[in-house]
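I record what I looked up, one topic at a time.

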Amino acid sequence: MSEPASKTHSANGSRPHLEALIVGAGFGGIATGVALREAGIENFRILDRWDRVGGTWNANTYPGVAVDVPSPIYNFSFQPRSRWSRFFAPGTEIQRYAEEVVDRQGLRDKLMLGCGVREAVFDESRDLWRIVTDSGATITTRHLVNAVGALEHPKPPAIDGIDDYAGKLMHTARWDHSYDYRGRRVAVIGTGATALQVIPQIAAAAEQLTVFQRTAIWVAPKPDFAMGEGLNRVLDLPLVQRAVRLVGNVGVNAFLGVGFALSDHPRLTSAVLGAGEIALQTYMFTQIRDRQLRRDLTPTYRLGCKRPSISNVYFKTFTRPNVELVTTPLDRFTEKGLATADGRERDFDMVITATGFEVMGKNSTPPFPAYGLGGAELGEFWDRNLFQAYEGVSTPGYPNLFHTFGPYAYAPGSVIPLLEATAAHTARVIGEAVRRGATRAEIKQEPHDAYFQRMYARNKNTYLFKQGCEASRTYYINYQGDGPAFRATTQLNMYWTNRHFPLDDYRFTVRPDVVHDMA
């Protein structure tokens, strides 16, 4: 077992600096801050290593980045309006919306930006978390909330020789806007949801674009359009807002989660997915007439194994004379570019790695070591015992620690309902601990195990594990061969159970020898 760099020590009688510390100022951290205030908790801070709020939308600024959920529903229920230029807004507008929420909800003075976390250690003698920041400073907090998003920790390509490459190397989540790729030879590694957005942008400016595809992606047409002032004003009406939010979330949930919701009916699931595949293949035919190119761009796995994407220009990009699609596996980086398994070497000025993120990967959730009872590190615990958390929020052995996007939390659909649900769960437990004067709140083993076993069994019963999805290299299935990135339920179930779980599922400990801070 690895040891924490900072040893715990006792200082009974003194209070922690904070009642709650939220790590991550993205949408999950913002939602948790709002929920804590609604629960009457004011002594909290939101910490983030970036210098702006927005999380994923601050980290991902590559050309073409945009939300793949309709803008009018990609917002919080407590602040449903902004001004969108398009039905699927560009990333800059989503980050701007995060800033608007922080200001309107009065969270600006709660922010601690430009401050990352090196490690978190639970002090059992004082029932608090000791946080060591990147600068070496220590913050103590009664409760700790991991609100670092799932699409925050870049996953590098598993290709030999990456350090040998002398050209410009860039992951899409760490975009260098100072580099001018116009008129240059560019390679993109990957054809997932991020690559689908960036490839058309690069192709329009580069001299030559070569796309290295390991696994094709299912693509649907994107019903996008400009949203003028008139449409934005209509959406200002509260009744319209509520109706659009309800209908939109139901539609997105159905599009992304119908296969999971029908897991108990495999024949029906197969029929629905099969019909979807035919529809998407028909769409591809309208975009590409070259038979071999269509064959290369057609996935060999079932629809739904990976998150489906939407685009009106992705397929047509591969018909451009300056774009080449390569399906031969990559072998290694060279000093000047990339070599494929057939021995061919290609030279590039710039290589873009659109290789996704570490989702429920080893030592990435959270992306810092967290030491609980007995010094057990959370990442190591999950590595040995599989990823698990009650309602995706809490794990036994890690008191006063909560997650906004933990194992088995997310029912496919818009991520916003998930973040509001887990934020409400977290705030309910912390609020109850404060009300009782408890210094420790820990999920009990029995309800935790019951939830984990139920979700584990449901997930294993989905088409992901019955129709060959393992070969699709989907992030829905992690390195352990499990599916902790999602829960096979509806979003309504996710929403309800996170707000109405029995409080007795938690053990609240009142210790006279430990002084509880006032919220």
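I looked up Asp 180 in this predicted model and found it partly exposed, with a relative accessible area of 35%. Asp 180 forms a salt bridge with Arg 182, the closest N and O atoms being 2.8 Å apart. Arg 182 is exposed, at 59% relative accessible area.

I then noted that the structure holds 25 salt bridges. One of them joins the side chains of Arg 83 and Asp 236 at 2.7 Å, N to O. Arg 83 lies in the loop between α2 and α3, and Asp 236 in the loop between α5 and α6, so this pair ties together parts 153 residues apart in sequence. Arg 83 is partly exposed at 34% relative accessibility, and Asp 236 is partly exposed at 30%.

I next examined helix α3, where Arg 96 and Glu 100 are 4 residues apart, about one helical turn. Their side chains meet in a salt bridge of 3.2 Å, N to O.

Which residue is buried yet has no salt bridge? I found that this is Arg 142, in strand β6. The nearest side chain of opposite charge, Glu 19, is 4.9 Å away, whereas a salt bridge requires the atoms to be within 4 Å. A polar atom of the Arg 142 side chain lies 2.8 Å from the backbone oxygen of Asp 127. I also recorded Asp 127 in a network of salt bridges with Arg 440, Arg 511 and Asp 513.

The largest cavity holds about 100 Å³ of space. Its lining has 13 residues, and among those closest to its centre are Val 148 and Ser 364.

Conventions: Residues are numbered from 1 along each chain as its sequence is written. This is a predicted model: local features need pLDDT of at least 70, side-chain atom pairs count only at pLDDT 80 or more; totals for chains, interfaces and linings use all residues. Side-chain values use heavy atoms; hydrogens and water are left out. On a 1 Å grid over the protein atoms alone, a cavity is a set of points where a 1.4 Å probe fits but cannot get out, and a pocket is an open set with protein on both sides within 12 Å along at least five of seven lines; lining residues have an atom within 4 Å of a point. Grid points are joined across faces, edges and corners, and a volume is the space filled by probe spheres set on the points. Helices (H or I, at least four residues) and strands (E, at least two) are DSSP runs, numbered from the N terminus. Buried means under 20% relative accessible area, exposed over 50%, partly exposed in between (1.4 Å probe, protein chains only). Lys and Arg count as positive and Asp and Glu as negative; His and the chain ends are not counted. A polar contact is a pair of N or O atoms within 3.5 Å; within protein, one must be able to donate a hydrogen and the other to accept it, and residues adjacent in sequence count only if both atoms are side-chain atoms.
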